[in-house]
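Dear colleague,

Please find the structure below, handed over for your use.

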Amino acid sequence: MKITANHLTHYYGDECVLNDVTLSLESGKFVAIIGESGSGKTTLLSILSTLLNPTSGEVFFDDKTVAQWGNIDEFRRKKIGFVFQFHYLISYLTLRENIALGAMEPSAIEPLMEALGIEKLSRRYSDEVSGGQRQRAAIARALVNAPGVVFADEPTGNLDTKNAIMVYELFKRFATEGTGFVVASHDKKIAEYADIIIEMEDGKIVKISRK
Amino acid sequence: MIIALKALRKNRFKTALIFMSMTVSISMIFLISAISGGVVSMYSSMLKTDGDIIVTQKGIADTFFSDINRSMSDVVATFTGVKESSALILGASPVDKLPIVAIYGVSDNRYDSYTLSSGVYPRSGEVILGSKIYESLKSPKSIVVSKKTFAVSGVFKSRIGFEDGGVVMGLDDAGELFHKSASIFLISLDDLGQSSAVVAKINALDGDIEAKTTDSFIDSYNQFKIIKTSSDVIGAMAFLMGILGIVSMMSMVVNERKSEFGIMRSLGLSSWSIIGKLVVETLVVALLAFAVALGVSLGVLEIIEHVDKFQGYINGEISFALVLNVFIVSLLMAVVGTLLPALYASRIDPMTLIVRGGA
């Protein structure tokens with residue numbers, strides 16, 4: 001899914017956290033938004049992912065605004081996925097039930113779990129598996145409806161290096177299969193895996209690198 | 001449903017509190033409705049026994065205060081269409097160790113409505129006792145009613161608690177005790193179709209008396225209205241207490257599960273779907289609470305019925321209609337109580353997950 005952002009500006013009170021950002025992201029790419037704390041990367045990700053309305057500016061998905069796509073719940077369910085820093089798996093549900101929570105097509109769950117290497121953990125609860133396995137289940141939950149793009153906020157923030165690399169490799173793999181990933185991270189290692197790297201500083205994009 | 005059960009199990013402490021709050025409220029509604037309904041039903045049944053028409057003193061608020069001339073019962077008995085007219089005195093007095101007991105003074109022609117299990121019908125200076133009070137007083141040979149001693153000539157069994165826990169004596173003896181001629185006449189008819197004509201004829205007989213069909217008397221009887229209104233008010237309070245209990249507990253549950261609902265919103269689950277999930281959870285608790293409350297209420301009523309202190313006067317009835325009504329009320333309580341916290345849950349912004357994640 002192609003994402004276009006036009007002149008995005010956002011204020012928290014009097015503080016300008018995003019300053020006139022314009023960008024265009026082609027579909028099926030692994031995009032990394034990097035920068036120091038307070039650079040505006042999370043705000044940009046939140047606005048791009050429909051979770052936050054900008055003070056001014058507009059976001060287009062395949063040249064249409066969210067309002068033009070119709071109901072926002074339907075849009076989120078069908079077109080985008082989310083992965084957060086914490087897995088936010090529901091503790092009283094098994095990994096499979098967590099993935100099935102928003103699934104439109106239950107038959108997609110098993111192949112996806114297999115692709116992510118967690119097929120043997122389907123009946124386990126989140127407190128019975130490792131941190132890496134939890135995050136893989138959270139990624140499966142985001143991918144289950146085959147969205148056009150997955151937004152991830154610091155998805156490796158709670159993982160060790162080995163698991164962080166595993167997550168990046170998964171993103172890269174699914175991106176080559178056509179799902180776009182937009183990931184906000186302060187981990188510089190992500191640059192080795194991403195197709196597009198957006199560097200931010202003081203609410204502005206200072207550099208965009210494409211591989 | 002499985003997800004709802006898992007969520008309830010996960011939050012078992014708060015689930016238990018919601019369950020207890022609902023069980024107490026539903027039991028209160030059951031008990032107050034059953035007991036008040038039982039009182040009304042017992043008194044109505046008593047009046048309806050061989051009574052198509054009831055005659056009282058005009059404008060009197062309670063049959064206990066009514067005083068009418070018993071000789072008019074004989075006049076009424078001669079009216080066309082009247083099968084039988086009997087006079088009764090309704091009173092209450094201490095009997096032996098019991099502080100208050102229902103006393104019935106009845107004309108001779110009414111004795112056959114009491115089925116004796118032992119002994120004979122009373123003559124002057126004698127009484128027959130309901131089986132409940134007979135047991136309660138340990139099978140006495142005589143009893144003292146308002147400082148006057150009466151021999152016990154027999155025992156009767158009645159399904160009406162007020163009668164089974166009461167004392168029946170002749171009209172003359174009761175008249176002396178309560179200083180009145182008669183409280184009411186109960187008139188049975190050959191043909192119910194004649195009731196309006198007979199009522200009109202009795203009312204024309206004397207300006208101080210008032211005749212009504214028993215059904216219309218029961219509908220307009222002030223005491224029943226007071227009992228029913230009180231029961232409705234207490235029932236409504238129990239309903240509101242139940243709702244408040246659910247609202248406060250569910251609000252805490254929603255607050256604790258904020259990230260869960262945030263994730264659901266980010267996955268594109270609609271507000272109605274989230275509200276539905278929470279309502280199903282509470283409905284499951286409501287069904288369980290309803291079943292337990294029904295059991296508890298039946299148990300409490302059974303115990304009350306056998307407590308000597310109540311002399312069988314408190315005799316609750318849980319009819320199918322009451323069960324159905326309370327079932328609907330229980331579901332309504334669950335839905336109304338969950339709605340506000342569920343609305344809040346359905347509006348949780350998934351952005352909170354990012355803020356909490358804090359990049």
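Please note at the outset that this is a predicted model.

I begin with the interface. Across the interface of chain B and chain A, two salt bridges are found. In one of them, the side chain of R265(B) meets that of D73(A), with 2.8 Å from N to O. Residue pairs in polar contact between chain B and chain A number six, with both residues of each pair at pLDDT 80 or more.

On the side of chain B that touches chain A, the elements giving two or more residues are α1 (2-10), α10 (258-266) and α13 (351-357) of chain B. Of these, α10(B) provides the largest share of that side, namely six residues. Sorted by class, the side of chain B that touches chain A comprises eleven nonpolar, seven polar and seven charged residues.

As for the extent of the interface, 25 residues from chain B and 26 residues from chain A take part in the contact. The area buried between chain B and chain A is about 2,400 Å², and carbon and sulfur atoms give 64% of this area.

Next comes the surface of chain B. A nonpolar patch is formed there by V24(B), M28(B), I234(B) and M241(B), which together have about 330 Å² of accessible area. Two or more residues of the nonpolar patch come from each of the helices α2 (12-48) and α9 (222-256) of chain B. One of the patch residues, I234(B), is located in helix α9 of chain B.

Finally, I turn to the salt bridges of the whole structure. Over all chains, the structure holds 16 salt bridges. Among them is a pair within chain B, R70(B) and D172(B), whose side chains meet at 2.5 Å, N to O. R70(B) is in the loop between β1 (53-57) and α3 (71-77) of chain B, while D172(B) is in helix α6 (residues 171-178) of chain B, so this pair ties together parts that lie 102 residues apart in sequence.

With kind regards

Technical notes:
Residues numbered from 1 in each chain as written. Chains lettered and ligands numbered in written order. Predicted model: local features only at pLDDT ≥ 70, side-chain atom pairs only at ≥ 80, totals over all residues. Heavy atoms only, no water. Contact = heavy atoms within 4.5 Å. Buried area = accessible area lost by both parts, 1.4 Å probe. Salt bridge = Lys/Arg side-chain N within 4 Å of Asp/Glu carboxyl O. Polar contact = N/O pair within 3.5 Å; in protein donor to acceptor, adjacent residues only side chain to side chain. Helix = DSSP H or I, 4+ residues; strand = E, 2+ residues; numbered from the N terminus. Nonpolar A, V, L, I, M, F, W, Y, C, P; charged D, E, K, R; others polar. Patch = residues over 30% accessible without salt bridge, like charges linked within 9 Å, V, L, I, M, F, W, Y side chains within 5 Å. Areas by Shrake-Rupley, 256 points an atom, 1.4 Å probe, with all protein chains shown as cover.
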